[in-house]
Structures are given as C-alpha cells and as structure tokens.
Amino acid sequence: MEEWKVKNLYTLSESIASALLERVEYPWEALSGIKDFILEIGKSLPEDRFEKRGEDVWVAKSANIFPSAYIGGPAIIDEDAQIRHCAFIRGSAIVGKGAVVGNSTELKNVILFNKVQVPHYNYVGDSILGYQAHMGAGSITSNVKSDKTLVAVKYGEVCMETGLKKFGAMLGDCVEVGCNSVLNPGTVIGKGASVYPTSSVRGYVPGNCIYKNKGEIAERI
C-alpha cells in the first residue's frame, strides 16, 4: 500500500538516518541495515559535536546521559537527546535530536527520529518512530509473534509479507500512543494518528485517525 511507504510516513530531514531510509521503499526494509549504517557513518561524525564512548557508541556532546543509563553499541545519540535514569539501550539504536529515552526504557534495533519521546517504562524493538512520535507510559512494541512465524502487515484484504521474524511497529510522524498499549508485530501507524490507552493494536491505523479498539477507528475531526 502506498500509505505504508517511507515517503508517506516520515519527514526524512528529521533524522540522521535519512540516507538509510532513502535506500528502501517500505520502512521495515531498513531494520536489517541499522547496525551497519551506524558503523558506516559513526566514524565520520564531526568530532567537535560528537565523542566516542566505548565500542561503536557515538554520543553528541550536547546530549544529557544519566550516569545510570546503559548504552551498548553500535549506537548514535544525537544532539540534545536525553537518556534518563536506568535506560537500557541494547545496541543498533539511533536516537534523534532532542529525543527522550526515559526511566527503564529499553531500545533494541531502532530508529527514533528527532524529538521522539519514549519517556516511561517503554520497550521499543525492531521499530522506527517518526518525528515527534510519543509513546505513553508503559506502552511497548511486541516484535516477535508468539508462534515465531514471519511477520506480515495486514489491513482489510491487503496482506504484505515482510520476510521478517522480528518486526515491532512503524510509527509515522506525530503519532500518539496511549499508556499501557501494546503494538503487536507488524503494526504500522500513519502520520498524526492516535491510539487510546490500554489498546492492543495489530495491522494498520490510517493517518489522522483515532484507534479506539479493534474494529473502531475514527477519523480525526
């Protein structure tokens, strides 16, 4: 579907990973390339703005990293980002400018665009979150199906096989996810959409809509 393409979900100028996403048509096609992309550009980041911390971890000098946070490589933490108390970044993670990774939040194989907020007890794995996307407290991406089969993206009669075993969620720009929601494997949420708290979301939520529960998605007025 056209709506699932990179060009219709994201403002590429709002991510240091724009060159990676420009190489693919659908965003989940970039998941396997995040690690190598970080290694590719990390060494070229300007030394007046970034410093290397440990093995393959590049952190902007203006970023605020709490002492209790863990950042495993490869990773890039862009300018003015906040990595708060006990955050756990497992690797293959790009955290955008002004983004917030909060208390006890865990990241793995992700791209967070600029000004993304995952500020309280979130798990985000094998996912891409667009500019100014926000996940409420306790909301998570579930990135592996319970039967361990490959993930497909579905909407109505449309089913697109991804060939991926691990695929969390693709959130477009300015998406709002309510507290304690679960985004099941293969979830795609269009620009400006919102998800009610405590939801279990699967498949596609169109842009500028409100996900209330399964089978009830309303256009934003």
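In the predicted model, Lys165 touches Asn143, Val144, Lys148, Leu150 and Val151, with residues up to four places away in sequence left out of the count. Lys165 itself sits in the loop between β16 and β17 (169-171). The relative accessibility of Lys165 is 42%, so this residue counts as partly exposed. A C-alpha to C-alpha distance of 36 Å separates Lys165 from Ser62, and the two residues are 103 residues apart in sequence.

Two of the residues touched by Lys165, Leu150 and Val151, also belong to the lining of the second largest pocket. The space in this pocket amounts to about 150 Å³. Its lining consists of Lys145, Leu150, Val151, Ala152, Lys154, Cys159, Glu161, Pro185, Gly186, Arg202 and Gly203. Two elements, β15 and β16 (158-164), each give two or more residues to the lining of the second largest pocket. The most comes from β15, which gives three residues. By type, the lining of the second largest pocket holds five nonpolar, two polar and four charged residues.

At least two residues of the lining of the largest pocket come from β15 (151-155), and at least two from β22 (200-201). The lining of the largest pocket is made up of five nonpolar, five polar and three charged residues.

Glu216 lies in strand β25, which spans residues 216-219. With a relative accessible area of 35%, Glu216 is classed as partly exposed.

Helix α3 covers residues 34-42, and its buried residues are Ile34, Phe37, Ile38, Ile41 and Gly42. Viewed down the helix axis, the buried residues of α3 fall within an arc of 120 degrees and therefore line one face of the helix. An α-helix has 3.6 residues a turn, so residues three or four places apart point the same way. The elements that cover the buried residues of α3 include the helix α2 (18-21) and the strands β2 (57-60), β5 (75-77), β8 (93-95) and β10 (106-112).

The peptide bond from Gly73 to Pro74 is cis, with omega near 0 degrees. Pro74 is placed in the loop between β4 (70-71) and β5. Ser92, a residue other than glycine, has a positive phi, near 55 degrees. This residue lies in the loop between β7 (88-89) and β8. Ser92 counts as buried because its relative accessibility is 12%, under the 20% limit for that class. A positive phi near 55 degrees is also found at Asn208, likewise a residue other than glycine. Asn208 is in the loop between β23 (204-205) and β24 (209-213). In contrast to the buried Ser92, Asn208 counts as partly exposed, at 48% relative accessibility.

A disulfide is a covalent bond between the sulfur atoms of two cysteines. The structure holds zero disulfides. For Cys179, the closest cysteine sulfur is in Cys174, at 18 Å, which is too far for a bond. Cys179 is partly exposed, with a relative accessible area of 37%. For Cys209, the closest cysteine sulfur is likewise in Cys174, at 15 Å, and this distance is also too far for a bond. The cut-off for a disulfide is a pair of sulfur atoms within 2.5 Å. Cys209 counts as buried, at 8% relative accessibility.

How values were computed
Residues numbered from 1 in each chain as written. Predicted model: local features only at pLDDT ≥ 70, side-chain atom pairs only at ≥ 80, totals over all residues. Heavy atoms only, no water. Helix = DSSP H or I, 4+ residues; strand = E, 2+ residues; numbered from the N terminus. Nonpolar A, V, L, I, M, F, W, Y, C, P; charged D, E, K, R; others polar. 1 Å grid on protein atoms, 1.4 Å probe; cavity = no way out; pocket = protein on both sides within 12 Å on 5 of 7 lines; lining within 4 Å. Points joined across faces, edges and corners; volume = space filled by probe spheres on them. Buried < 20%, exposed > 50% of the residue type's maximum accessible area, 1.4 Å probe, protein only. Arc of directions from axis to C-beta. Contact = heavy atoms within 4.5 Å.
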